[in-house]
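Open the model in your viewer and follow the stops below in order. Each stop says what to select and what is there.

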Amino acid sequence: MHKVFITRKIPDIAIKMLKSKYSVRINKEDRQLTKKQIIKRAKNIDAILSLLSDRIDKEVMAAAKGLKVIANYAVGYDNIDINEAKKRGIIVTNTPGVLTETTADLAWALLFATARRIVEGDKFIRESRFDGWEPTLLLGYDIYGKVLGVIGTGRIGTAFAMRSKGFNMKVLYYDKKRNPIVEKECKGKQVTMNRLLKESDYISVHIPLNKETYHLIGDKEIECMKKTVILINTSRGAIIDEMALADALRKNVIAGAGLDVYEREPSITRKLLNLGNVVLTPHIGSASYETRAKMAVMAAQSIIDVLEGKIPKNIVNK
Ligand code: GLV
Ligand code: GLV
């Protein structure tokens, strides 16, 4: 019987799918495993269902001798050495598509919350500081009619841009490829990175993390932005130089940021914690009941496909 290792409890539906066919080992403690613990538990397994926070590198693959498939419970897979997997003939899969709309929703939630100071307002009420309507209490920025800059118009970036239609925004996008959907549906204009940085009132990042995109946004890029810009990141933390961003926010070089992802998760640049003009969420882009269940089924199905000799739909290292 094939052996499957699930590194942390995921929705039951997927565990049932795998248990009906294979011998399944799960990390029952519902906490993040260290790499050492993963290596220890990965001996002689055929499949691993991993989280984006599990580093699956050469060492892990070397320990898991018969490993055939790594099914990452995420769309991003920067946590996996996919070239090493390819060398070893291990198939790596992800969970694209099912989390697109959910993640685009969260990017907007951060945009609204930051622009209209929702979190500060909530805190204000709870601290019993609300003494009645005031002409200049918690002023924020308009969203309607503004310029929206979308960095990366893959599935999520496109879904994010589509949502701007209700707000009559001017959409600028940066991508290597032209995006006919964004151009047709949102009247989006493909521009250079420099122009997007200079002209946008809101900038949202929707690209994967890799060598080319590491610190794509640093001091120099932040300098180009409007003083009133709000920056949103729901992709991967290390695409933005977090220290540079924290400094810029502290010095009001830019107006605000809504962040769901961080450079060194789970730790966060301390300076960010003391700033009122940022809204921070704990990497919950895909965290809806519906989507997490769909991701779990997709990851489980990828494992079943590989172990039954079929080709799974979402291979990332073909
Ligand atoms: C979440 O960040 C994912 O990549 O699915
Ligand atoms: C990821 O799902 C993307 O293409 O944005």
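How many Å separate an oxygen atom of ligand 2 from a polar backbone atom of Arg155? In this predicted model, the distance is 2.9 Å.

**Stop one: ligand 2**

Keep ligand 2 selected and show what surrounds it: Val75, Gly154, Arg155 and Ile156. Taken alone, ligand 2 exposes 190 Å², and 83% of that is buried by the protein. Next, select Ile156; one of its backbone N or O atoms lies 2.9 Å from an oxygen atom of ligand 2. Sorted by class, the shell around ligand 2 consists of 2 nonpolar residues, 1 polar and 1 charged.

**Stop two: Ile303**

Now select Ile303, which is part of helix H13. Is Ile303 buried or exposed? Its relative accessible area is 0%, so Ile303 counts as buried, the cut-off being under 20%. Display the residues that Ile303 touches beyond four places away in sequence: Val4, Leu18, Ala47, Ile48, Leu49, Val69 and Ala71.

**Stop three: Asn314**

Move on to Asn314, in the segment that comes after helix H13 (289-307). Asn314 is buried because its relative accessible area is 13%, which is again under 20%. Which residues is Asn314 in contact with, leaving aside neighbours within four places in sequence? Select Val92, Thr93, Asn94 and Pro96, then Met298 and Ser302, to see them.

How values were computed. Residues numbered from 1 in each chain as written. Chains lettered and ligands numbered in written order. Predicted model: local features only at pLDDT ≥ 70, side-chain atom pairs only at ≥ 80, totals over all residues. Heavy atoms only, no water. Near = heavy atom within 4 Å. Polar contact = N/O pair within 3.5 Å; in protein donor to acceptor, adjacent residues only side chain to side chain. Areas by Shrake-Rupley, 256 points an atom, 1.4 Å probe, with all protein chains shown as cover. Nonpolar A, V, L, I, M, F, W, Y, C, P; charged D, E, K, R; others polar. Helix = DSSP H or I, 4+ residues; strand = E, 2+ residues; numbered from the N terminus. Buried < 20%, exposed > 50% of the residue type's maximum accessible area, 1.4 Å probe, protein only. Contact = heavy atoms within 4.5 Å.
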